[in-house]
Amino acid sequence: MKKQTGLAEVPVPATIVVEGGAPITCMFRPSQLTIEKRANWAAPQASGEKKGATQKRNVPVVHFGGGEARTFALNLLFDTTDSGSDVRKSHTDNLFKLTEIAQGKEQPPLCKFVWGNLQLFRAYVTSVKVTFKMFLADGTPVRAEASVTFNEFEDENKPAGQNPTSYTEASKTWIVTEGDRLDLIAYHEYGNAAYWRHIAKTNNLMNPTDLQPGQILKLVPLPE
């Protein structure tokens, strides 16, 4: 019997969950993850020396000019040498779609990086760079390294009562994880498990018990 260490015995795959699309599973889990957040502070430019002013400052008086969106980048490896299939069709083409507008849409999709208990903020992809590293004799690429950069889409700590973005009709989304049930989600969101029918109707769920990990549910306000 394996000794219990408090860590998961089976590695959990890392996934890019795409709103309105199929999730992208990272073939190999990232070795590191850096999240960056910048704040804008500026010193107003002096228009001239005040009359009679003799004191100079070692540190200028600054004013907060607002925060910038959080960003993070993933460096991913994809390898299909065991099957000989085209790595573009099975993996990297899906990354490029995160920067493209699908038919009937107005903007590229939003997404989230999910790795077990680690779920990052809703984001949009600003760049995808793919470098092919190995090819078959006929030129088919079978190994690729990809760098994907994400920017935070919205302030998750915005004041209550602020209007939701017009990007989506839902004010919130829920990413399904193993063991989730509609009644538990309804209790968590609306305070009453009986509202599971509202979630099922909103998401056109034919079988409310058939939830899949990585599935995205819209959580819209209850009807008045």
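Biologist: Which residues does E152 touch, not counting residues up to four places away in sequence?

Modeller: Leaving out residues up to four places away in sequence, E152 touches A69, R70, F121, R122, A123 and Y124, where contact means heavy atoms within 4.5 Å. This is a predicted model, in which local features need pLDDT of at least 70 and side-chain atom pairs count only at pLDDT 80 or more, while totals for chains, interfaces and linings use all residues. Residues are numbered from 1 along each chain as its sequence is written, and side-chain values use heavy atoms, with hydrogens and water left out.

Biologist: Why does E152 count as buried?

Modeller: Buried means under 20% relative accessible area, exposed means over 50%, and partly exposed lies in between (1.4 Å probe, protein chains only). E152 has a relative accessibility of 9%, so E152 counts as buried. Its place is in strand β10 (residues 141-152), where a strand is a DSSP run of E with at least two residues, a helix is a run of H or I with at least four, and both are numbered from the N terminus.

Biologist: What makes a polar contact with the side chain of E152?

Modeller: The side chain of R70 does, at 2.6 Å. The term asks for a pair of N or O atoms within 3.5 Å; within protein, one must be able to donate a hydrogen and the other to accept it, and residues adjacent in sequence count only if both atoms are side-chain atoms.

Biologist: What joins β9 to β10?

Modeller: Eleven bridges join β9 to β10, and these strands run antiparallel; two strands pair if DSSP finds at least two bridges between them.

Biologist: How many aromatic pairs does the structure hold?

Modeller: The structure holds five aromatic pairs. One of them is formed by F72 and F113, and it is tilted, with 6.3 Å from centre to centre and 50° between the planes. Rings of Phe, Tyr and Trp (its six-membered ring) pair if their centres lie within 6.5 Å, and planes under 30 degrees apart count as stacked, over 60 as edge-to-face and the rest as tilted. This pair links distant parts of the chain, since F72 is in strand β6 (residues 71-79) and F113 in strand β7 (residues 111-115), 41 residues apart. F72 is buried at 3% relative accessible area, and F113 is buried at 1%.

Biologist: Why is the pair of Y190 and Y195 called edge-to-face?

Modeller: The ring centres of Y190 and Y195 are 6.1 Å apart and the planes are at 75°, so the pair is edge-to-face. Y190 is buried, with a relative accessible area of 18%, whereas Y195, with 35%, is partly exposed.

Biologist: How do you know that the buried residues of α1 are on the same side?

Modeller: The buried residues of helix α1 (residues 87-96) are V87, H91, T92 and L95. They cover an arc of only 70° around the axis, and therefore they lie on the same side of α1; the arc is that of the directions from the helix axis to the C-beta atoms.

Biologist: Why does T80 count as buried?

Modeller: T80 has a relative accessibility of 4%, so T80 counts as buried. Its place is in the loop between β6 and α1, and, leaving aside neighbours within four places in sequence, T80 is in contact with residues including V87, H91 and P141.
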